[in-house]
Amino acid sequence: MEKKNKFNDLFVKNSMDMPFFLIMLGLMTIGLVMLLSSSYIYAFYNSGSGDSLYYFKRQIVFAIVGVVGMIFYSKLNYKYIKNLANIGLIISLLLLAITVLRGGGDGINRWFGIGSFSFQPSETAKLMLIMFCAAGLDKDHKKIISSEPSKAGWAKKITELTKGSIKITQGTTTMFFYALVIAFTAGMVLLGSHLSGAILIMLIGVAMLWIGECRARWFAIGGIIALIVLIYVVFNYEDLPLKEYMIERIKAWRIKDFEPDDARWQINHSLYAIGSGGFLGAGLGNSKQKYLYVSESHTDFIFSIIGEELGFVGCVLILLAFAVLIIRGIYIGMHAKDRFGALLVFGMTAQLGLQVMFNVAVVTDTVPNTGIPLPFFSYGGSALLITLIEMGTILAVSRQADLPKVYFMRKLKKSNKK
């Protein structure tokens, strides 16, 4: 009897949040249409099979599998995720370490392969870090907000050496522990020559610490240090021990002079695509820049093809849909059943928002080329699966959240009773 009750407790019968689900499904559907439009020329020449639908067919398989998995995952009781948080992060770090040790001929070690299937462990690391921080910051909430003196040996030593002028609180030592885990995870991603992924993980971690109620002064101090480092890197990048491709991308961003075959080829044609789209766009399927001018137009630079084909109006509507999805996610988090659920939702919506922001900033030449995909749009099966798992987690939290759901279904049930 107890086993049966435990099994029943594993699944939640409450309805999920339909507005969030429908907006997400709508974005993914538009994303698949735009992927088909942006990829068929590139697929014909570069897929090796001459099949113009090569990338689209692969992506739609991942989308179908992902949506089925997402709906199933959304029915699970999310409180059991806590038990997987620590081991999940450890496995992610091991995958990152194996990927780095395997190396690569070009010095870029981002992919982990199993047979014909390959994925970026950094994608898994983002998800697992959010889960780890959500579980830990929930468990250690009292420590995080505590102003009591720390019991850690090193903290006491500092207090003794400074004769009590510096007192390290329990909240500070707890925050430093999570900051160290976040920095270590980002460092492992950076060792795989994935600077943009490392930056994204750091920002996700900072968001989790902020949501977890760490002291505001540390964010102010960290923000000032980060700004100083950023300015130094931008003006001294050629003298720093960076990978050659990193130096080229920063240089291409800073020096706007155009040469046909230089590092600005991709970004210049991205800007041509967006600019030629005008207000209403050239029409779906009518992009000229996707004819091998915008490199990898179906992956990180798909938003430039959206700008060319759907114009300013189409871009704004898509960005508004992302904004509504993120706002709805925040709304779900604010009404979550417990702190752990709220932290999970806030972390995953923060990641979604950061990826959209960085991707659009790259294709518009606002920041250097970072290689961050646009969620639901850019080609990449493993990235899409991870994103859908995160959406399933948010929907799982929504099933137990204190908010109205499936409004039209309630009205339909009432009318049927009458």
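**Entry 1**

I began with the second largest cavity, where helix 14 gives the largest share of the lining, three residues. I kept in mind that this is a predicted model. Helix 14 spans 339–363, and helix 15 (381–400) also supplies at least two lining residues here. By type, I got two nonpolar, three polar and one charged. The volume came out at about 30 Å³, and I found two cavities of 30 Å³ or more in the structure.

**Entry 1: the largest pocket**

Next I turned to the largest pocket, which has a volume of about 1700 Å³. I counted 47 residues in its lining, and I199, M202, L203, A226 and L230 lie nearest the centre. Which helices supply at least two residues each to this lining? I noted helix 8 (170–191), helix 9 (195–211), helix 10 (216–236) and helix 11 (244–254). Helix 10 provides the largest share, with 12 residues. I then sorted the lining of the largest pocket by type and got 35 nonpolar residues, nine polar and three charged.

**Entry 2: helix 12**

I checked the length of helix 12, residues 265–277, next. Its 13 residues reach 19 Å from first C-alpha to last, close to the 18 Å expected at 1.5 Å a residue. I listed the buried residues of helix 12 as Q266, I267, N268, H269, S270, A273 and G277. What do these buried residues pack against? I found helix 13 (302–334) and helix 14 as their partners. A reminder to myself: an α-helix has 3.6 residues a turn, so residues three or four places apart point the same way.

For E213, I read a phi near 75 degrees. E213 sits in the loop between helix 9 and helix 10. Is E213 buried or partly exposed? I put E213 down as partly exposed, because its relative accessibility is 43%.

For D365, phi is positive at about 65 degrees, and I placed this residue in the loop between helix 14 and helix 15. D365 has a relative accessible area of 13%, so I logged it as buried, the cut-off being under 20%.

Notes. Residues are numbered from 1 along each chain as its sequence is written. This is a predicted model: local features need pLDDT of at least 70, side-chain atom pairs count only at pLDDT 80 or more; totals for chains, interfaces and linings use all residues. Side-chain values use heavy atoms; hydrogens and water are left out. On a 1 Å grid over the protein atoms alone, a cavity is a set of points where a 1.4 Å probe fits but cannot get out, and a pocket is an open set with protein on both sides within 12 Å along at least five of seven lines; lining residues have an atom within 4 Å of a point. Grid points are joined across faces, edges and corners, and a volume is the space filled by probe spheres set on the points. Helices (H or I, at least four residues) and strands (E, at least two) are DSSP runs, numbered from the N terminus. Ala, Val, Leu, Ile, Met, Phe, Trp, Tyr, Cys and Pro count as nonpolar, Asp, Glu, Lys and Arg as charged, and the others, Gly among them, as polar. The expected span of a helix is 1.5 Å times one less than its number of residues. Buried means under 20% relative accessible area, exposed over 50%, partly exposed in between (1.4 Å probe, protein chains only). Contact means heavy atoms within 4.5 Å.
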